[in-house]
Amino acid sequence: MSARYILRFDDVAPGMAWSRFLPLKQFIEEQGVRCLLGVVPCCRDASLFVEPERADFFDLVRLWQSFGDTVAQHGAFHVYETAQAGVLGINSRSEFSGLSLEQQLRKLGEGKAILQREQVWQPYFMPPSHSFDRDTVRALKSTGFVAITDGMGFFPYALDDFRLVPQLLSRPLAFPFGVITICVHVNAMSDHEVERLRRFVTKHRSSFVSFKEIVQEPINDGPSQAFLRWITSHALKAVRAGRRVMSKDVLGQVD
Ligand SMILES: [Zn+2]
């Protein structure tokens with residue numbers, strides 16, 4: 001048994017760090033790796049404007065999609081409205097958790113409409129700051145989504161009959177098993193981190209899979225997978241309590 005990896009880019013938006021992202025993306029494409037791109041439908045988060053905006057942003061997204069990348073809707077506006085950590089309990093801030101079902105439905109729908117107008121919408125959701133609640137799941141279901149890129153453990157599972165594909169790593173680390181999502185925030189990457197990711201992709205390129213491929217597989221969940229989820233969830237709580245039981249590479253997501 002060996003691990004399969006999903007390479008996930010968060011905060012794909014018109015004002016992202018293009019000078020860093022475009023060369024890295026080209027290199028990854030040359031390795032034949034299909035990515036998961038968290039596209040912000042209408043970015044109103046000032047912290048995500050780090051380089052001049054590109055007017056051809058959605059042209060680029062369409063190009064990446066035609067290459068085989070998967071697009072996940074990364075929120076709607078990427079603006080936090082509550083201090084709720086939601087189901088996963090990772091970050092105490094959210095664009096969705098704690099809002100009413102109606103508010104969440106409206107916001108999800110607004111984001112979806114923008115991506116549909118640009119012909120890039122796919123039925124996958126990437127919650128900003130890893131925060132979503134049971135009403136988010138209900139809203140996602142009735143808005144036509146089929147999976148979230150987030151969750152505990154090492155294998156896809158279901159929450160309220162909705163598919164979660166776990167995301168634990170913020171840096172590339174090799175694992176002996178599981179479906180491992182590596183979450184990358186290109187705006188905050190150092191040269192060293194870019195180089196480390198390039199080396200990892202080169203070494204493991206045949207083990208990368210596309211997100212939509214994983215979503216199409218049947219869920220194989222059982223007691224051992226649930227136990228691994230319990231372990232990762234409790235390890236996360238320990239990290240949050242300030243105990244250094246795991247490297248910051250694991251469960252070190254920020255956004
Ligand atoms: Zn984000």
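This section describes the zinc site, a set of paired strands, a surface patch and the cysteines of a predicted model. Residues are numbered from 1 along each chain as its sequence is written, and side-chain values use heavy atoms, with hydrogens and water left out. Because the model is predicted, local features need pLDDT of at least 70 and side-chain atom pairs count only at pLDDT 80 or more, whereas totals for chains, interfaces and linings use all residues.

The zinc ion is coordinated by Asp11 through OD and by His74 and His78 through NE2, at 2.0 to 2.1 Å; donors are N, O and S atoms within 2.8 Å of the metal (3.2 Å for Na, K and Ca), and water is not among the atoms, so sites may look incomplete. The spacing of the donor residues in sequence is D-x62-H-x3-H. Helices (H or I, at least four residues) and strands (E, at least two) are DSSP runs, numbered from the N terminus. Both Asp11 and His74 are buried, where buried means under 20% relative accessible area, exposed over 50% and partly exposed in between (1.4 Å probe, protein chains only).

Strand β7 (residues 162–165) is covered on both faces, with Phe162 and Leu164 buried on one side and Arg163 and Val165 buried on the other. Strand β5 (residues 147–149) pairs with β7 in the parallel sense over three bridges, pairing being assigned if DSSP finds at least two bridges between two strands, and Ile148 stands opposite Leu164. Strand β6 (residues 157–159) pairs with β7 in the antiparallel sense, also over three bridges, and here Ala158 stands opposite Arg163. The hairpin of β6 and β7 has two residues between the strands, and Asp160 in this hairpin takes a positive phi near 55°.

A search of the whole structure finds zero disulfides, a disulfide being a pair of cysteine sulfur atoms within 2.5 Å. For Cys43, the closest cysteine sulfur, in Cys42, is 7.9 Å away and therefore too far for a bond; Cys43 counts as buried, at 14% relative accessibility. Cys183 is likewise in no disulfide, the nearest cysteine sulfur, that of Cys35, being 12 Å away, and Cys183 counts as buried at 0% relative accessibility.

Phe227, Trp230 and Ile231 form a nonpolar patch with about 320 Å² of accessible area together, by the Shrake-Rupley method with a 1.4 Å probe, only the protein chains shown counting as cover for residues. Patches are made of residues with over 30% relative accessible area and no salt bridge, nonpolar side chains (Val, Leu, Ile, Met, Phe, Trp, Tyr) being joined within 5 Å and like charges within 9 Å; a salt bridge is a side-chain nitrogen of Lys or Arg within 4 Å of a carboxyl oxygen of Asp or Glu.
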